[in-house]
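Hi everyone, thanks for making time. Please have a look at the structure on the screen, and then I'll walk you through a few of its details.

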Amino acid sequence: MAKKPITYQSAGVDAPREELVLQRIIKHFRKTWPQSDGLGSVKLDIGYFANVIDIGGVGLAITADGVGTKLLIAQLMQDYKTIGIDCVAMNVNDLLCVGAKPISMVDYIAVQEAKPDLLEDIAIGLCEGAKRANISIPGGEIAQLRDVIKGHKEGYGFDLAGMAVGIVPLDGIIVGQNIQEGDLVIGIESNGVHSNGLTLARRVFFEQNTFTVDAMFPSLEASLGKELLKPTHIYVKEALDILDQGIPVKALVHITSDGFLNLTRVVAEVGYIIDELPEPPQIFSLIQSYGNITDEQMFTVYNMGI
């Protein structure tokens with residue numbers, strides 16, 4: 001009997017409902033915005049990868065994000081030294097998408113217990129991520145939430161998120177407002193799953209097929225756990241090199257949750273023809289084949305190597 005196809009929704013992530021909830025929340029947030037231009041005014045609507053605040057004629061780009069259920073892979077592996085890189089990546093990569101130069105990030109770590117080895121390992125990853133992104137970490141917060149946070153190993157449950165800021169000229173904000181027919185779409189290769197779609201991957205590998213993190217596949221260079229835990233690439237150097245050269249970039253898009261649908265998160269009402277893609281990393285083929293997942297689902301959930 002053929003396996004029943006797995007979807008992101010059946011794995012536990014209901015994106016359509018999340019969108020409905022978000023719309024209800026946003027109408028309240030907008031009420032907090034200043035009604036006039038100038039100090040503190042909000043320069044973008046909600047829905048882009050980051051927003052920009054006017055701080056006296058300079059644009060302060062701001063965003064917040066976490067690493068999602070990738071931290072559960074870190075728990076299974078009992079390896080916490082790279083998950084901080086993912087936290088930095090998910091924030092600074094979003095800042096880039098409004099044309100901003102990332103400057104600094106603060107972290108929030110909620111833990112089951114204040115385990116010194118766990119917290120130090122997370123900090124090691126955060127600092128490595130900061131080094132790669134050329135940003136500072138001026139502070140953060142640790143919350144001990146034993147009744148809220150649980151882990152695969154007693155006392156080692158945690159959640160990790162961050163909030164990052166960058167700067168961008170108010171007249172240099174990039175959100176795809178000038179995209180037009182004939183513009184070229186360029187994709188930069190990813191180095192794997194990054195930090196999205198891990199709920200679906202965990203359901204496929206560890207629940208439906210009962211693999212372990214130590215499982216080896218001929219098409220992978222490392223164990224399954226190490227492949228899934230591979231840190232998200234930080235694109236600060238590549239993006240800033242392009243912007244600093246004065247190349248007329250009209251939009252920057254971070255392919256995360258919602259996959260290639262992120263291309264629609266621009267001002268211009270345009271569609272795209274993508275006529276050439278590199279071969280996706282083998283981890284995506286394994287997720288698709290073992291989960292009996294459609295192409296549509298794969299390109300909706302994952303970056304597929306871009």
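Let's begin with a charged pair: Glu154 and Arg146 form a salt bridge, with their closest N and O atoms 3.2 Å apart. By salt bridge I mean a side-chain nitrogen of Lys or Arg within 4 Å of a carboxyl oxygen of Asp or Glu. A word on the source: this is a predicted model, where local features need pLDDT of at least 70, side-chain atom pairs count only at pLDDT 80 or more, and totals for chains, interfaces and linings use all residues. Residues are numbered from 1 along each chain as its sequence is written, and side-chain values use heavy atoms, with hydrogens and water left out.

Back to our pair. Glu154 counts as exposed because its relative accessibility is 53%, while Arg146 is partly exposed at 36%. The cut-offs are under 20% relative accessible area for buried, over 50% for exposed, and partly exposed in between, with a 1.4 Å probe and protein chains only.

Which residues pair up elsewhere? Asp183 and Lys250 do, in a salt bridge of 3.0 Å, N to O. Asp183 sits in the loop between S5 and helix H5 (198-208) and Lys250 in the loop between helix H7 (236-244) and helix H8 (282-291), so this pair ties together parts that are 67 residues apart in sequence. Helices (H or I, at least four residues) and strands (E, at least two) are DSSP runs, numbered from the N terminus.

A further salt bridge joins Glu227 and Lys230 (3.3 Å, N to O). Is Glu227 buried or exposed? Glu227 counts as buried, because its relative accessibility is 9%. Lys230, at 31%, is partly exposed. Salt bridges with shared partners also link Glu113, Lys115, Arg146 and Glu154 into one network.

Now the sheet. Its 5 strands form an open sheet in the order S1-S2-S5-S3-S4, with mixed pairing; two strands pair if DSSP finds at least two bridges between them. S1 and strand S4 (140-144) are the edge strands, each pairing on one side only.

S1 and S2 run antiparallel, joined by 4 bridges, and Asp54 has Gly59 in S2 as its bridge partner. Gly59 also stands opposite Val168 in S5, and S2 and S5 pair in the antiparallel sense over 8 bridges. By contrast, strand S3 (residues 101-111) pairs with S4 in the parallel sense, over 5 bridges. There, Val111 stands opposite Gln144 in S4.
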